[in-house]
Amino acid sequence: MSKPAQPPPFAATRTALAHALAEIDGLLPGSVVVRHIRCGKSGCGCKADPPALHGPYIQWTRTVRGKTVTRYLSEEQLGRYQPWFDNARRLKELVAKLEIASLQAVATAEGWTAKATHTDSTTPRPPRRTAT
(Lines give C-alpha, C1' and ligand atoms only; values in the text may rest on other atoms or scores of the structure.)
Protein backbone atom coordinates (compact mmCIF):
# COMPACT_ATOMS: atom_id res chain seq x y z
CA MET A 1 0.00 0.00 0.00
CA SER A 2 1.49 3.36 -1.01
CA LYS A 3 1.16 6.31 1.26
CA PRO A 4 -0.96 9.22 0.01
CA ALA A 5 0.85 12.15 -1.58
CA GLN A 6 1.34 14.95 0.91
CA PRO A 7 1.24 18.58 -0.08
CA PRO A 8 4.53 20.45 0.13
CA PRO A 9 5.35 21.77 3.62
CA PHE A 10 3.54 24.98 4.53
CA ALA A 11 1.61 24.91 1.22
CA ALA A 12 -1.61 26.09 2.85
CA THR A 13 0.17 29.03 4.47
CA ARG A 14 1.83 30.05 1.21
CA THR A 15 -1.48 29.69 -0.68
CA ALA A 16 -3.30 31.86 1.86
CA LEU A 17 -0.58 34.51 1.60
CA ALA A 18 -0.76 34.42 -2.21
CA HIS A 19 -4.52 35.00 -2.05
CA ALA A 20 -3.99 37.94 0.32
CA LEU A 21 -1.39 39.39 -2.07
CA ALA A 22 -3.84 39.08 -4.97
CA GLU A 23 -6.37 41.26 -3.11
CA ILE A 24 -4.06 44.28 -3.14
CA ASP A 25 -5.18 46.52 -6.01
CA GLY A 26 -3.03 49.61 -5.59
CA LEU A 27 -0.34 50.92 -3.29
CA LEU A 28 1.69 54.01 -2.66
CA PRO A 29 5.20 53.76 -1.19
CA GLY A 30 6.68 56.05 1.40
CA SER A 31 5.35 57.52 4.60
CA VAL A 32 2.70 60.04 5.56
CA VAL A 33 3.15 62.48 8.43
CA VAL A 34 0.58 64.98 9.73
CA ARG A 35 2.26 68.00 11.32
CA HIS A 36 1.17 71.03 13.32
CA ILE A 37 3.96 73.62 13.50
CA ARG A 38 5.01 76.97 14.94
CA CYS A 39 6.04 79.77 12.61
CA GLY A 40 8.83 82.32 12.99
CA LYS A 41 6.65 85.36 13.77
CA SER A 42 7.09 86.56 17.35
CA GLY A 43 3.53 87.84 17.85
CA CYS A 44 1.75 84.84 16.31
CA GLY A 45 -0.81 82.78 18.18
CA CYS A 46 1.36 79.70 17.75
CA LYS A 47 3.66 81.15 20.44
CA ALA A 48 0.80 81.65 22.95
CA ASP A 49 0.10 79.49 25.98
CA PRO A 50 -1.58 77.22 24.99
CA PRO A 51 -0.31 77.51 21.43
CA ALA A 52 -2.62 77.60 18.39
CA LEU A 53 -0.33 75.72 16.03
CA HIS A 54 -0.52 76.02 12.25
CA GLY A 55 -1.71 73.04 10.26
CA PRO A 56 -2.45 70.30 9.79
CA TYR A 57 0.16 69.90 7.07
CA ILE A 58 0.05 66.42 5.54
CA GLN A 59 3.37 65.35 4.06
CA TRP A 60 3.87 62.29 1.85
CA THR A 61 7.57 61.44 1.58
CA ARG A 62 9.16 58.79 -0.61
CA THR A 63 12.41 58.09 -2.44
CA VAL A 64 12.65 58.51 -6.20
CA ARG A 65 15.95 57.59 -7.90
CA GLY A 66 17.82 58.01 -4.61
CA LYS A 67 16.32 61.41 -3.81
CA THR A 68 13.72 62.22 -1.16
CA VAL A 69 10.54 63.63 -2.67
CA THR A 70 7.87 65.28 -0.51
CA ARG A 71 4.34 66.18 -1.57
CA TYR A 72 1.78 67.99 0.51
CA LEU A 73 -1.67 66.42 0.50
CA SER A 74 -5.02 67.84 1.41
CA GLU A 75 -7.18 66.04 3.96
CA GLU A 76 -9.44 64.97 1.08
CA GLN A 77 -6.46 63.51 -0.83
CA LEU A 78 -5.24 61.67 2.26
CA GLY A 79 -8.70 60.17 2.73
CA ARG A 80 -8.80 59.10 -0.90
CA TYR A 81 -5.33 57.51 -0.94
CA GLN A 82 -5.05 56.19 2.64
CA PRO A 83 -6.08 52.65 1.55
CA TRP A 84 -3.14 52.61 -0.88
CA PHE A 85 -0.70 53.67 1.84
CA ASP A 86 -2.17 50.91 4.04
CA ASN A 87 -1.78 48.43 1.14
CA ALA A 88 1.95 49.23 0.84
CA ARG A 89 2.42 48.43 4.53
CA ARG A 90 0.31 45.28 4.19
CA LEU A 91 2.35 44.15 1.16
CA LYS A 92 5.60 44.37 3.13
CA GLU A 93 4.07 42.32 5.95
CA LEU A 94 2.76 39.64 3.57
CA VAL A 95 6.06 39.35 1.70
CA ALA A 96 7.94 38.94 5.00
CA LYS A 97 5.51 36.19 6.09
CA LEU A 98 5.83 34.47 2.71
CA GLU A 99 9.62 34.50 3.00
CA ILE A 100 9.42 32.94 6.48
CA ALA A 101 6.97 30.24 5.34
CA SER A 102 9.16 29.45 2.32
CA LEU A 103 12.31 29.22 4.44
CA GLN A 104 10.52 26.91 6.87
CA ALA A 105 9.26 24.76 3.98
CA VAL A 106 12.77 24.40 2.55
CA ALA A 107 14.24 23.61 5.96
CA THR A 108 11.57 20.97 6.59
CA ALA A 109 11.88 19.41 3.13
CA GLU A 110 15.67 19.29 3.26
CA GLY A 111 16.02 18.36 6.93
CA TRP A 112 18.03 21.47 7.71
CA THR A 113 18.15 22.90 11.19
CA ALA A 114 16.14 26.00 12.00
CA LYS A 115 19.36 27.92 12.73
CA ALA A 116 20.60 27.45 9.15
CA THR A 117 17.47 29.03 7.63
CA HIS A 118 17.79 32.29 9.54
CA THR A 119 21.17 33.33 8.14
CA ASP A 120 21.39 36.39 5.93
CA SER A 121 23.53 34.65 3.32
CA THR A 122 22.62 31.49 1.45
CA THR A 123 26.12 30.93 0.10
CA PRO A 124 28.77 29.27 2.24
CA ARG A 125 31.59 31.45 3.47
CA PRO A 126 35.11 30.66 2.30
CA PRO A 127 37.44 29.30 4.96
CA ARG A 128 39.48 31.85 6.87
CA ARG A 129 43.08 32.22 5.93
CA THR A 130 45.53 31.79 8.73
CA ALA A 131 48.82 33.63 8.96
CA THR A 132 51.81 31.38 8.40
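This is a predicted model: local features need pLDDT of at least 70, side-chain atom pairs count only at pLDDT 80 or more; totals for chains, interfaces and linings use all residues.
Local features need pLDDT of at least 70, and side-chain atom pairs count only at pLDDT 80 or more. Residues are numbered from 1 along each chain, and side-chain values use heavy atoms, without hydrogens and water.

Q: Why is the pair of W60 and F85 called edge-to-face?
A: Rings of Phe, Tyr and Trp (its six-membered ring) pair if their centres lie within 6.5 Å; planes under 30 degrees apart count as stacked, over 60 as edge-to-face and the rest as tilted. W60 and F85 are 5.6 Å apart centre to centre, with 75° between the planes. So the pair is edge-to-face.

Q: What makes this pair a tie between parts of the chain?
A: W60 lies in strand 2 and F85 in helix 2, so the pair ties together parts that are 25 residues apart in sequence. Helices (H or I, at least four residues) and strands (E, at least two) are DSSP runs, numbered from the N terminus.

Q: Why is the pair of Y81 and W84 called tilted?
A: Their ring centres are 5.8 Å apart and their planes stand at 50°, so the pair is tilted.

Q: Why does Y57 count as partly exposed?
A: Buried means under 20% relative accessible area, exposed over 50%, and partly exposed in between (1.4 Å probe, protein chains only). Y57 has 35% relative accessibility, so Y57 is partly exposed.

Q: How do you know that Y81 is partly exposed?
A: The relative accessibility of Y81 is 28%, so Y81 counts as partly exposed.
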